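Reader: Please show the entry. After that, I have some questions.

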Amino acid sequence: MVEYILGNYMISKNMISGEQLTETLNRQEQVRVKLGLIAVSEGLITLQQAEEINRLQATCDKRFGDIAIEKGYMTEAQLDKILKMQGNAYLVFVQSLVDEGVIKMGEMEGILEEFRKEKGYCISDMEALKSDDIEKIVPLFLSQEAEEFEDIIGVAVRTIIRCIDRHVYLERAEIIPEISDAVAVTQKMEGMKPKVTGFVEADGGMVKIASVYGREEFDGVNEDVLDAAGEFLNCINGLYSAAMSNKSVELELMPPEYHEKDGKISGSKICRIPLWIQNKKIYFVVSE
């Protein structure tokens with residue numbers, strides 16, 4: 001995520017071109033390896049254990065390493081070892097920029113400082129961004145009004161990373177009175193703390209989600225696209241509901257609702273956060 005956030009900032013400042021960013025990220029893709037593959041290759045876990053953890057990730061909102069430790073397959077020291085072997089995304093990104101001749105060694109600190117000042121971040125915010133830890137990054141894009149939606153937004157982003165696009169990145173969340181005339185899929189969660197969540201089409205993001213999750217290429221939004229996006233939304237809300245049940249908050253998921261046009265989302269408070277999935281934009285929304 002951090003590579004796209006900083007990369008697109010650099011494009012906006014004419015520091016690099018879109019083509020240079022693509023080439024850099026392609027190089028980075030060759031460097032960064034999935035934790036499960038490293039753990040198996042290092043003999044820390046078996047292939048069967050890795051596959052079991054991957055299956056469990058589809059039913060609970062937890063990271064690969066956390067599940068491995070809970071199951072007793074790895075120690076914290078072993079997890080720390082393979083995390084270092086995987087490589088910090090920020091450092092790999094910077095090294096790739098230098099290797100491609102896009103920037104010189106030492107220039108990134110100045111770029112980061114400009115980015116920090118423009119976005120109004122503090123030093124600790126920048127450290128959170130450079131960590132590429134979703135739990136630390138999501139709060140950076142939430143205003144004080146939107147903080148109450150941090151849990152469900154975090155689940156959504158982590159699930160997108162696992163199932164759709166690990167390079168997804170965010171823009172600043174907005175609190176708005178309502179959404180109207182929208183192409184959208186929504187789902188109600190009824191119970192102790194009811195919510196409505198949804199995906200609202202912006203610039204091709206709905207099609208990207210449907211194509212990846214539905215394993216079928218789509219050209220534009222239609223009933224099949226909304227249906228696939230609805231299934232994925234149900235997956236996100238199911239993970240969130242399971243996490244909330246562990247906190248004694250019971251939620252019941254209603255069937256997804258589809259809006260091919262003129263969709264309307266209302267509530268006492270609506271949080272809308274822009275997401276970029278494979279460079280196509282969509283909004284994830286939560287309302288009370």
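Author: A residue is buried when its relative accessible area is under 20%, exposed when over 50% and partly exposed in between (1.4 Å probe, protein chains only). Helices (H or I, at least four residues) and strands (E, at least two) are DSSP runs numbered from the N terminus. The model is predicted, so local features need pLDDT of at least 70 and side-chain atom pairs pLDDT 80 or more, while totals for chains, interfaces and linings use all residues. Residues are numbered from 1 along each chain as its sequence is written, and side-chain values use heavy atoms, leaving out hydrogens and water.

Reader: How many residues of helix α7 are buried?

Author: Helix α7 spans residues 89-99 and is mostly covered. Its buried residues include Tyr90, Phe93 and Leu97. Just after α7, glycine 101 has a positive phi of about 75 degrees. Of the 11 residues in α7, the number buried is eight.

Reader: At what angle do helix α1 and helix α8 pack?

Author: Two packed helices are described by the angle between their axes and the distance between those axes. Axes are lines fitted to C-alpha atoms, for helices over the stretch in contact, and angles run from 0 to 180 degrees between N-to-C directions. Helix α1 (residues 2-12) and helix α8 (residues 107-119) have axes 11 Å apart, and their angle is about 90 degrees.

Reader: Why is α1 described as roughly perpendicular to α8?

Author: Angles under 35 degrees count as roughly parallel, over 145 as roughly antiparallel, 65 to 115 as roughly perpendicular and the rest as oblique. The angle between α1 and α8 is about 90 degrees. Therefore α1 relative to α8 is roughly perpendicular.

Reader: Which residues of α8 meet α1?

Author: Contact means heavy atoms within 4.5 Å. From α1, the residues involved are Ile5, Leu6, Tyr9 and Met10; in α8 they meet Met108, Ile111, Leu112, Glu114, Phe115 and Glu118.

Reader: Which residue forms a salt bridge with aspartate 133?

Author: A salt bridge is a side-chain nitrogen of Lys or Arg within 4 Å of a carboxyl oxygen of Asp or Glu, and the structure holds 12 of them. For aspartate 133, the closest N and O atoms of the pair are 3.5 Å apart, and the partner is arginine 63.

Reader: How many residues apart are aspartate 133 and arginine 63?

Author: Aspartate 133 is buried, at 18% relative accessible area, and arginine 63 is partly exposed, at 42%. Aspartate 133 sits in the loop between α9 (123-131) and α10 (134-137), and arginine 63 in the loop between α4 (47-57) and α5 (64-70), a separation in residues of 70.

Reader: How far apart are the closest N and O atoms of lysine 281 and glutamate 171?

Author: Lysine 281 counts as buried, with 17% relative accessibility, and glutamate 171 as partly exposed, with 30%. The two residues form a salt bridge, with the closest N and O atoms separated by 3.9 Å.
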